[in-house]
Amino acid sequence: MTLWTHYHTPSSLAEAQALLQSYAGRARVIAGGTDLLLDIRHGHLPPPEALIDITKIPEMCSLVQDGDELVIGAGVTHTRIVTDALIAARATCLVESCGVVGGPQVRNVGTLGGNVAHALPAGDGTTSLVALDAWADVIVQGERRWLPIRELFVGPGQSLLDPTSDLLVRFRIPLAQEHEGSAFKRIMRPQGVALPILGCAAWVRLDPSGERYEDIRICIGPVDRVPARAEQVEAAVRGQPIDPATVDAAVAAGRTSLSPRTSKYRATAGYRQEMIDVLLRRVLPLAAERARSGQAVPEGVGME
Ligand SMILES: Cc1cc2nc3c(=O)[nH]c(=O)nc-3n(C[C@H](O)[C@H](O)[C@H](O)COP(=O)(O)OP(=O)(O)OC[C@H]3O[C@@H](n4cnc5c(N)ncnc54)[C@H](O)[C@@H]3O)c2cc1C
């Protein structure tokens, strides 16, 4: 089976855009290809005439600190993220989520941008980017702009991006300041090689005394049709003391406000509901401890 006829490796955004335009819908953007090539091979997507590989475009592959923010190119691989000391210390949940994507071979070529552009509510990197309140630099219908990452997603596997013409260029992520920390955990079948049963990322800011959750963002997926914040769980925690009663309140809010669905390949809705409790009980105290101590050593990376 011929998966494509032409393969291009543009070295600039302008060249990539021109190529996409010239194929007028018959080409497709590719990064690591770990999602795309399977989708084509399994017939979920029609074989494109051409693939436009974005991994040779410098802006797509850069990883730089800009003041209190990190700017990560969409073509940066999971392996590169996992081995970055700054991200480990100040955007810890991203290292923890990218560190469990597939195995080493997948992480070596799979990219953060590909994870986001695939737009699945269970994407591990995506879950952490939502909790970190990342912004995405996109070129949609020829117009380049920054938008909050949550605004990218329109449905399961669907984003604002048309992968035959649009580009996801970079992400901007606020780095953790004093009293801030984050954590990610997931539940995965031992033999699982693709998406998790459930993943949960949390970012917290404590008050200066380190006794209360001043602010919090939580993303649990897959629960909704798109990667989304667990806002009622956040509301149960915001302003509350860092103690077991607050975690109980978060779990109770998760029970009433979140309705995961049954997936015939992964888990029942009931099992996932139970696992929301488990993940909240693991992630919230860990993020709070990191925020309090200012020390963060990513856990679980490369274990699966
Ligand atoms: C064995 C295996 C295990 C996996 N395990 C996990 C897992 O544990 N967790 C998880 O979340 N995922 C997992 N995945 C899925 C996949 O590896 C990740 O989602 C990965 O991050 C996809 O990145 P990629 O660069 O390979 O994307 P690609 O396959 O190249 O592209 C994916 C989609 O995004 C589009 N695209 C890519 N880059 C851009 C861009 N810059 N601009 C516009 N559109 C773009 C493509 O056209 C395509 O539609 C697994 C896959 C495999 C094969």
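How many residues does the largest nonpolar core have, and which of them have the most contacts inside it? The structure is a predicted model, in which local features need pLDDT of at least 70 and side-chain atom pairs count only at pLDDT 80 or more, whereas totals for chains, interfaces and linings use all residues. Residues are numbered from 1 along each chain as its sequence is written. The largest nonpolar core has 89 residues, and those with the most contacts inside it are Cys200, Ala202 and Ala287. Such a core is a set of buried Ala, Val, Leu, Ile, Met, Phe, Trp, Tyr and Cys residues joined through C-beta atoms within 7 Å; a residue is buried if 20 or more other C-beta atoms lie within 10 Å of its own, exposed if 12 or fewer, and partly exposed in between, with C-beta atoms placed from the backbone. Helix α11 (residues 269-293) gives the most to this core, with 10 residues. Leaving aside neighbours within four places in sequence, cysteine 200 is in contact (C-beta atoms, placed from the backbone, within 7 Å) with Phe184, Lys185, Ile218, Ile220, Leu279, Leu280 and Val283.

The secondary structure comes to 11 helices and 13 strands, where helices (H or I, at least four residues) and strands (E, at least two) are DSSP runs, numbered from the N terminus. Buried residues make up 46% of the 304 residues in the chain, and the C-alpha trace spans about 60 × 45 × 30 Å along its principal axes. The radius of gyration of the chain is 19 Å, which agrees with the value near 19 Å for a compact globule of 304 residues; the radius is taken over C-alpha atoms, and the globule rule is 2.2 Å times the number of residues to the power 0.38.

By an automatic or database domain assignment, the chain is divided into domain 1 (7-53), domain 2 (62-174) and domain 3 (180-293). The centres of domain 1 and domain 2, taken over C-alpha atoms, are separated by 19 Å, and the contact takes 13 residues from domain 1 and 16 residues from domain 2. On the side of domain 1 that touches domain 2, α1 (13-23) and β2 (27-30) each supply at least two residues, and the largest share, four residues, comes from α1. Between α1 and β2, glycine 25 lies in the loop and counts as exposed, because it has 12 C-beta neighbours inside 10 Å.

The ligand is surrounded by 32 residues, the closest being Ala31, Gly32, Gly102, Gly114 and Ala117; a residue is near a molecule or strand if its C-beta atom, placed from the backbone, lies within 6 Å of it. Two or more residues of this shell come from each of β2, α2 (36-41), α7 (112-118) and β10 (167-174), and α7 gives the most, with five residues.

Several loops hold backbone features of note. A cis peptide bond, with omega about 5 degrees, joins glycine 221 and proline 222, and proline 222 lies in the loop between β13 (213-221) and α9 (231-237). Aspartate 133, in the loop between α8 (124-131) and β6 (135-140), has a positive phi near 60 degrees although it is a residue other than glycine, and it counts as partly exposed because it has 16 C-beta neighbours inside 10 Å. Glutamine 141, in the loop between β6 and β7 (143-148), likewise has a positive phi, of about 50 degrees, and is not a glycine; with 8 C-beta neighbours inside 10 Å, glutamine 141 counts as exposed.

Terms used
Two residues are in contact if their C-beta atoms, placed from the backbone, lie within 7 Å.
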